[in-house]
Amino acid sequence: MIDTAQAAEAQRPHGRIYLDKQSPAAYQALVRTADAVRTAAAEAGLDRILVELVNLRVSQLNGCASCLDVHTRAALRAGESTRRLGVLAAWRDTELFTARERASLALAEATTHPADALAQERAYAEARQVLNDDEIAAVAWVAITINAFNRVSILSKHPVRGTPAR
């Protein structure tokens, strides 16, 4: 007879545990953090599209398929265009993003790669020119939080399911 742990393992061909399922209290604390960050972002005046652009750019940098799937759909629901989503990875090479979005994306990248001190200083200086203190804090918290979710999903190998799009 197969016990529940063996049955769960059989459903995960990659052999990894789902961290969110294995430690639900810790995961729920992360979800509560995300809720608080979403509130802080809204109170700082960040619109949903900007928050989703940050979520997506960080998830691109980390290579998190699950978060890319979730936040692409959220960005589209918020009214983001497929054109801008399609070029987000190369946002610096387009004129499709506002100065505020560009500063936020640079800050999100610097938050994701904090070891690059020079890039972090440039990003922060750019952010100071177009974002107020509350907006800078909110963008940083959005990036910090999605980085945490990226790690949970990547380490758990959360699948992206569904019918392939054409």
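By class, five nonpolar, one polar and six charged residues make up the lining of the second largest pocket; here Ala, Val, Leu, Ile, Met, Phe, Trp, Tyr, Cys and Pro count as nonpolar, Asp, Glu, Lys and Arg as charged, and the others, Gly among them, as polar. The model is a predicted one, in which local features need pLDDT of at least 70 and side-chain atom pairs count only at pLDDT 80 or more, while totals for chains, interfaces and linings use all residues. Residues are numbered from 1 along each chain as its sequence is written, and side-chain values use heavy atoms, with hydrogens and water left out.

A pocket is an open set of points on a 1 Å grid over the protein atoms alone, where a 1.4 Å probe fits, with protein on both sides within 12 Å along at least five of seven lines; lining residues have an atom within 4 Å of a point. The second largest pocket has a volume of about 180 Å³, volume being the space filled by probe spheres set on the points, which are joined across faces, edges and corners. Its lining includes Trp-91, Arg-92 and His-113. Helix 7 (99-112) and helix 8 (117-130) each supply at least two lining residues; helices are DSSP runs (H or I, at least four residues) numbered from the N terminus.

The largest pocket holds about 450 Å³ of space. Of its 24 lining residues, Tyr-27, Val-70, His-71, Ile-146 and Phe-149 are the closest to its centre. Helix 3 gives the largest share of this lining, six residues. The lining comprises twelve nonpolar, six polar and six charged residues.
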